[in-house]
Amino acid sequence: MPVLHPSGQNARRGHIQDPASQRLTWSKPPLNVLIIRKIQDETLLEPFKELCRFLVEEKHLMVYVEKKVVDDGSLMKDESFSAIRNQLCTFREGYDDISDCIDLIICLGGDGTLLYASSLFQGSVPPVMAFRLGSLGFLTPFKFESFKTEVDKVFEGNAAIILRSRLKVKVVKGMFQRDEQLFSTQENGIVPHNHINNEAGKITLQLQVLNEVVVDRGPSSYLSNVDLYLDGRLITSVQGDGVIVSTPTGSTAYAAAAGASMIHPNVPAIMVTPICPHSLSFRPIVVPAGVELMITLSPDARNTAWVSFDGRKRQEIQHGDSIKITTSCFPVPSICCHDLVYDWFDSLAQCLHWNVRKKQTRLTDVSDSSETEN
């Protein structure tokens with residue numbers, strides 16, 4: 001079983017933890033490994049088979065894979081792999097619960113494989129080792145060429161860990177009861193006198209989100225018009241294409257494309273980024289981790305809104321519905337290739353080409369460049 005040292009719960013009160021001190025050690029040798037492979041990508045077949053052979057034949061581990069991965073036609077045709085395939089444990093998303101039996105997750109693909117791995121564990125998440133075999137790979141720091149050496153290092157322990165915070169999200173149907181006559185207007189905006197009937201609300205969805213929650217206008221041509229609350233107080237109304245509520249990990253995804261700043265995953269924060277706001281002064285904001293955000297349709301909204309969670313489980317939000325968002329108690333422990341600072345800046349440079357610019361040439365003449373020849 002993995003042990004993270006020092007954990008936030010074990011840290012002394014008032015002590016600011018050095019992120020570099022987050023290390024992974026094993027109280028017991030890992031026995032069960034989950035492999036997440038990007039499907040519909042033939043180039044990953046050979047790396048997948050190599051990894052399975054290594055873990056089963058050399059490491060003598062129990063390997064779990066999704067059933068649709070094992071049932072891949074190209075994999076079924078490979079008779080040389082049949083002995084290994086028969087030893088793999090399979091599961092089906094939404095039917096089989098493997099959350100209590102996995103010691104380590106290994107991802108082969110792009111960032112989507114890490115997001116998918118996160119979605120499989122709605123509670124505590126095992127350490128994740130992600131190999132860069134996709135199109136972008138911002139969250140996947142390891143190169144597969146040296147996978148045996150890298151996996152051995154992780155099994156030996158003392159690997160650097162970055163705890164990627166997640167969002168705990170609840171979708172509540174029919175919670176907000178409004179009376180438009182109870183709204184008053186002040187200089188700074190609308191101050192609601194709403195009555196929240198907790199007994200009337202019904203939680204229809206509750207999940208952990210690694211990147212972001214996106215509320216948008218969906219197929220409607222009207223502006224999205226939603227109210228944003230922080231710890232029960234109305235902060236603002238969002239009129240535009242929508243709003244993104246993201247983790248620091250998600251700050252380099254959709255939020256970055258919408259103009260937000262990029263935040264290191266170790267910073268305890270929640271980001272709120274408008275999507276094409278119909279206001280020149282509406283800038284992205286960062287709020288402390290642990291606050292509760294709530295998003296509802298504004299009473300004068302002309303249409304419904306749509307919400308998605310890490311790009312999945314998209315559904316419609318109507319009047320009376322609410323989306324509650326706060327920081328989860330279950331982060332994703334992501335194993336670093338080098339360390340949590342180098343890996344992040346390396347991804348910024350290699351994947352997003354951050355601050356790439358042709359170098360300014362130096363002056364050959366040491367004299368004042370402002371002087372001109374007579």
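Here are some notes on this predicted model, working from the overall make-up down to single residues.

1. **Overall make-up.** The protein has 374 residues, and 45% of them count as buried. Its secondary structure comes to 8 helices and 25 strands. If you look at contacts between residues at least 6 apart in sequence, 71% of them join residues at least 24 apart.

2. **Helix 1 against helix 6.** Start with helix 1, residues 45-58, and helix 6, residues 147-156. Their axes lie 11 Å apart, and the two helices pack at an angle of about 45°. An angle counts as roughly parallel under 35 degrees and as roughly perpendicular from 65 to 115, so helix 1 and helix 6 are oblique to each other. The crossing of these two helices is right-handed.

3. **Who touches whom there.** On the helix 1 side, the contact is made by Glu50, Leu51, Phe54, Leu55 and Glu58. Helix 6 brings Phe147, Lys148, Val151, Asp152 and Phe155 to meet them. Sorted by type, the residues of this contact are 6 nonpolar and 4 charged, with no polar ones.

4. Which lysine does aspartate 152 pair with? The partner is lysine 59, with the closest N and O atoms 2.5 Å apart. Aspartate 152 sits in helix 6, while lysine 59 is in the loop between helix 1 and strand 4 (62-66), so the pair links parts of the chain 93 residues apart. Aspartate 152 has a relative accessibility of 25% and therefore counts as partly exposed. Lysine 59, at 30%, is partly exposed too.

5. Aspartate 78 and lysine 49 form another one, with 2.6 Å between the closest N and O atoms. Here the partners are 29 residues apart: lysine 49 is in helix 1, and aspartate 78 is in the loop between helix 3 (73-77) and helix 4 (82-85). Buried or exposed? The cut-off for buried is under 20% relative accessible area. Aspartate 78, at 15%, is therefore buried, and so is lysine 49, at 7%.

6. **A salt bridge between partly exposed partners.** Lysine 67 and aspartate 71 meet through their side chains in a salt bridge, at 2.7 Å from N to O. Lysine 67 has a relative accessible area of 37%, which puts it in the partly exposed class. Aspartate 71 is partly exposed as well, at 40%.

7. Where is lysine 38 placed? You'll find it in the loop between strand 3 (32-37) and helix 1. With a relative accessible area of 32%, lysine 38 is partly exposed. Leaving out neighbours within four places in sequence, lysine 38 is in contact with Leu44, Leu108, Gly109 and Thr113. Take leucine 108: it lies 70 residues from lysine 38 along the chain, yet their C-alpha atoms are separated by 6.3 Å.

Terms used. Residues numbered from 1 in each chain as written. Predicted model: local features only at pLDDT ≥ 70, side-chain atom pairs only at ≥ 80, totals over all residues. Heavy atoms only, no water. Axes fitted to C-alpha atoms, helices over the stretch in contact; angles between N-to-C directions. Helix = DSSP H or I, 4+ residues; strand = E, 2+ residues; numbered from the N terminus. Parallel < 35°, antiparallel > 145°, perpendicular 65-115°, else oblique. Left-handed = near helix turned anticlockwise from the far one by under 90°. Contact = heavy atoms within 4.5 Å. Nonpolar A, V, L, I, M, F, W, Y, C, P; charged D, E, K, R; others polar. Salt bridge = Lys/Arg side-chain N within 4 Å of Asp/Glu carboxyl O. Buried < 20%, exposed > 50% of the residue type's maximum accessible area, 1.4 Å probe, protein only.
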